[in-house]
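Morning, everyone. Please have the model open while I talk.

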Amino acid sequence: MKVIYTKNYEELSKKACELVVEQINEKKNSVLGLATGSTPLGLYEELIKEHEKGLDFSEIVTYNLDEYIGLSKDNDQSYNYFMNEHLFKHVNINMNNINIPSGTNEPEEEIVDYENKLRKIGGVDLQILGLGSNGHIAFNEPSEELNAKTSIVNLTESTIKANSRFFEKESDVPTKAISMGMGTIFTAKKIIILISGKNKEEATEYLLNSNKISTNWPVSLLQLHQDTTVIIDESSVEVK
Ligand code: F6R
């Protein structure tokens, strides 16, 4: 695992952008795995700037990690809406190449379809991840047992609380989501995890300490992946 420390969020976003651009320059039809949440917003802004300077997204294919069950694509809290607002509508991506789980299709069918579609194309080339303060990646929440495949998940209290900042009130946060599983994420040839924000020290410790692999801190399993880069914003995450 490669670990890069940056002095602030802006530097983290620029570094992540540099690595994504490198991937696109190497393979113009790369399959990118994308995340939502606050952390990748700076990366998406940087990618939009690169597009304005000529970076071509026309052959790029994207797969997002997750979506809330019950929210339609045009609901402004859905991850479909988020991705469109913060990235897709600003670049020349082919809308048919965008894949995000649907929050309104029959969930049992949706998880099988999404998993199969992703496995069929051979998985993601470069996966971007954020980190939950409880150690989740995508919506793989801390537990004795984790899902290997794309699944329907119950969000934990702490995730509902953390995500309520985007909603009017906590009771508006959906309690279930569709999430890529740990095995699905591990099919990515390369992974970049971006760490910035409050209360992420303990989860980061589980990622960086090789004696601390535990399903109760799902992020720690990334230590077993063959090509993961960790980018840490030192201004918000104090690493021991
Ligand atoms: C989002 C996702 C989540 C977030 C995580 C961190 O698609 O899968 O795992 O990456 O909750 O969120 P932020 O970046 O808002 O701290």
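Is K27 buried, partly exposed or exposed? K27 is partly exposed, at 33% relative accessibility. Keep in mind that this is a predicted model.

Now look at the partner of K27. K27 makes a salt bridge with D125. The closest N and O atoms are 2.8 Å apart. K27 sits in the loop between α1 and β2, while D125 sits in the loop between α4 and β6, so this pair ties together parts that are 98 residues apart in sequence. D125 is buried, with a relative accessible area of 5%. K189 joins K27 and D125 in a network of salt bridges.

How many salt bridges does the structure hold? The count is 13. I'll take two others.

E10 bridges to K14, with the closest N and O atoms 2.9 Å apart. Both residues belong to helix α1, which covers residues 9-26. They are four residues apart, about one turn of the helix. K14 is partly exposed, at a relative accessible area of 39%.

The other reaches out from helix α1. K190 forms a salt bridge with E26, and here the closest N and O atoms are 3.8 Å apart. K190 is in strand β9, residues 190-195, and E26 is in helix α1, so the pair ties together parts 164 residues apart in sequence. K190 counts as partly exposed, at 27% relative accessibility. E26 is exposed, at 58%.

Next, a sheet. Which order do the strands of the open three-stranded sheet follow? The order is β4-β8-β7, and the pairing is antiparallel. β4, residues 66-68, and β7, residues 151-154, stand at the edges with a single partner strand each, so one side of each has no neighbour in the sheet. From one strand to the next, the twist averages 30°.

A reminder on what holds strands together. Strands of a sheet pair through backbone hydrogen bonds. Here, β4 pairs with β8, residues 176-179, over three bridges. E67 stands opposite I178 in β8. On the other flank, β7 and β8 pair over four bridges. There, N154 stands opposite K176 in β8.

A helix covers part of this sheet. Helix α4, residues 107-120, packs on the sheet and touches β7 and β8. The direction of α4 makes about 125° with that of β7.

Stay on β7 for a moment. In a regular strand, side chains alternate between the two faces of the sheet. Which residues of β7 point to the buried face? S151 and V153 do, and they are buried.

Now the backbone. Most residues other than glycine have a negative phi. Two residues here go the other way. A138 has a phi near 50°, and N199 has a phi near 60°. Both values are positive, and neither residue is glycine. A138 is in the loop between β6 and β7. A138 is buried, at 9% relative accessible area. N199 is in the loop between β9 and α7. N199 is exposed, at 59%.

One more buried residue, M182. M182 lies in helix α6, residues 182-186. The relative accessibility of M182 is 6%, under the 20% cut-off, so M182 counts as buried. What does M182 touch beyond its close sequence neighbours? The contacts are I137, N140, L146, N147, A148, P218 and L221, leaving aside residues up to four places away in sequence. Take P218 from that list. P218 is 36 residues from M182 in sequence, yet their C-alpha atoms are 8.2 Å apart in space.

Last stop, the surface. M1, V3, Y5 and V239 form a nonpolar patch there. Together these four have about 320 Å² of accessible area. V3 is in strand β1, residues 2-6. V3 is partly exposed, with a relative accessible area of 31%.

That's my tour. Questions, please.

How values were computed. Residues numbered from 1 in each chain as written. Predicted model: local features only at pLDDT ≥ 70, side-chain atom pairs only at ≥ 80, totals over all residues. Heavy atoms only, no water. Patch = residues over 30% accessible without salt bridge, like charges linked within 9 Å, V, L, I, M, F, W, Y side chains within 5 Å. Areas by Shrake-Rupley, 256 points an atom, 1.4 Å probe, with all protein chains shown as cover. Salt bridge = Lys/Arg side-chain N within 4 Å of Asp/Glu carboxyl O. Helix = DSSP H or I, 4+ residues; strand = E, 2+ residues; numbered from the N terminus. Buried < 20%, exposed > 50% of the residue type's maximum accessible area, 1.4 Å probe, protein only. Pairing = 2+ DSSP bridges. Axes fitted to C-alpha atoms, helices over the stretch in contact; angles between N-to-C directions. Contact = heavy atoms within 4.5 Å.
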